[in-house]
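Colleague: I am new to this structure and would like a short tour. Could we begin with a term that I shall need for the strands?

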Amino acid sequence: MKIELSDKLKSFKPFLFEELYRKERAERAKGKDIISLAVGDPDIPTDRRIVSDAAKELKNGRNHRYPNTKGNENLRKEISAWHKRRHGLAFHPNDEVSVLIGSKEGIAHLPFTVMNPGDYCLVPDPTYPTYRTGVVLSGGRIHDVALEEKNGFLPDLGKIPRKVVARTKLFFLNYPNNPTGAGATLDFYRDLVKWARKNSVIIAQDAAYCEIYFGKPAPSLLEVPGARDVAVEFYSSSKTYCMAGWRVGWVVGNSKLVCALNQLKENIDSGPFNAIQNAVAYALKNHEKIVPPIRAHFKRRADSFCAALHESGWKFPDPKGSCFVWARPPAKRDSLDAIMFMLEKASILAAPGSGFGRCGEGYVRFSLTEPDAKLAEAARRIKALNWQ
Ligand SMILES: Cc1ncc(COP(=O)(O)O)c(C=O)c1O
């Protein structure tokens, strides 16, 4: 029998990062000493105190049973307590907090809870690709919203066509931003919430990098009065605690949306392993001891890598947060040309800006998630490149 895959599946391009992993493997197979700065997968090991806590939880038989889809009470309470300390916001652990199998999972599922065929979802351009997934699968339409350097990579809400706004259900945003490294201010969030309430648009703000900030602490959109009427925010243990492989994220905010997402997920998954959920609860409880050194580490990396790029003639605003540098090469090149040139001449693999959307053309994204010595070697190789 010839297995015919669905039209929806066929409409998906391979996930950008999978393509980059393939390219890296192929170059290594040729014997090249490749430094890959293409994917944002933190190299810093999870804090040993979290690992010890997880080892203890692993031995507890109570954790071996099915978890609860929306997350166990221990973790939901710790999430709630952390948001109170960090943002001064009280989320009820029962209906304003839900645990996810990584924030990617919740981001991909959210559109199914609100989008009907033909509805629009606004997606930033450049973007983290998963914002598009659920929209495509739920039959929604995507309107790309340009993030331009001249606007600090914030969207210009006035430029979104009125006809699109009238049919828009959902708007994905992400600050501190992947891929641009831009940050958002509370003033921007105030304008956004006002606009969203006026136009009945749901905001899904992805705060995966909220703890990797290099100046003032990144604000939460939900700090804006009235934001909870229209918004949810996604959080992740992956970058905050360098726990990418453990697969735990969460969503907070509007209870109708949080409960709807949970209702959908009850029909799909059963949540992450309880031992791991409890280890994330431990991380949240000890956040103030664990996170500052991680943040300082990424800041040191960003400072020295950006200095090397500036010296070599790259053009870019320094990142306000995240673990990425988003920059234009010293000579005008298409993104793909630029990364192929670096791969060939310097054995460095970076991510092409065009892979994140049309507005990413001309940019290259460097991820600072490799060990310091490798980043220093990459900086040395980049400085030695002749772009003329
Ligand atoms: C902007 C953004 N959001 C969400 C995620 C997914 O994170 P998680 O590991 O929580 O699924 C990533 C991962 O790279 C990301 O870059």
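This is a predicted model: local features need pLDDT of at least 70, side-chain atom pairs count only at pLDDT 80 or more; totals for chains, interfaces and linings use all residues.

Colleague: How many bridges join E11 to strand E12?

Modeller: Two bridges link E11 with E12, which covers residues 364-367, and the two strands run antiparallel. Pro352 stands opposite Val364 in E12.

Colleague: What is the order of the strands in that open sheet?

Modeller: The order is E9-E12-E11, three strands with antiparallel pairing. Strand E9 (324-327) and strand E11 (351-352) are at the edges with a single partner strand each, so one side of each has no neighbour in the sheet.

Colleague: Which helix lies across E9 and E12?

Modeller: That is helix H12, residues 287-311, which runs at about 15 degrees to E9.

Colleague: Turning to the ligand, how many residues surround it?

Modeller: The ligand is surrounded by 15 residues, and the closest are Asn178, Asp206, Tyr209, Ser236 and Ser238. By class, five are nonpolar, six polar and four charged.

Colleague: Which helix gives the most to that shell?

Modeller: H5 does, with three residues. Helix H5 (103-114) and helix H9 (237-240) each supply at least two residues of the shell.

Colleague: What distances separate the side chains of Asn178 and Arg247 from oxygen atoms of the ligand?

Modeller: For Asn178, an N or O atom of the side chain is 2.7 Å from a ligand oxygen. For Arg247, the corresponding distance is 2.8 Å. A polar side-chain atom of Ser238 lies 2.5 Å from an oxygen atom of the ligand. The protein covers 91% of the 390 Å² of accessible area that the ligand has on its own.

Key:
Residues are numbered from 1 along each chain as its sequence is written. Side-chain values use heavy atoms; hydrogens and water are left out. A residue is near a molecule or strand if one of its heavy atoms lies within 4 Å of it. A polar contact is a pair of N or O atoms within 3.5 Å; within protein, one must be able to donate a hydrogen and the other to accept it, and residues adjacent in sequence count only if both atoms are side-chain atoms. Accessible areas come from the Shrake-Rupley method with a 1.4 Å probe; for residues, only the protein chains shown count as cover. Helices (H or I, at least four residues) and strands (E, at least two) are DSSP runs, numbered from the N terminus. Ala, Val, Leu, Ile, Met, Phe, Trp, Tyr, Cys and Pro count as nonpolar, Asp, Glu, Lys and Arg as charged, and the others, Gly among them, as polar. Two strands pair if DSSP finds at least two bridges between them. Contact means heavy atoms within 4.5 Å. Axes are lines fitted to C-alpha atoms, for helices over the stretch in contact, and angles run from 0 to 180 degrees between N-to-C directions.
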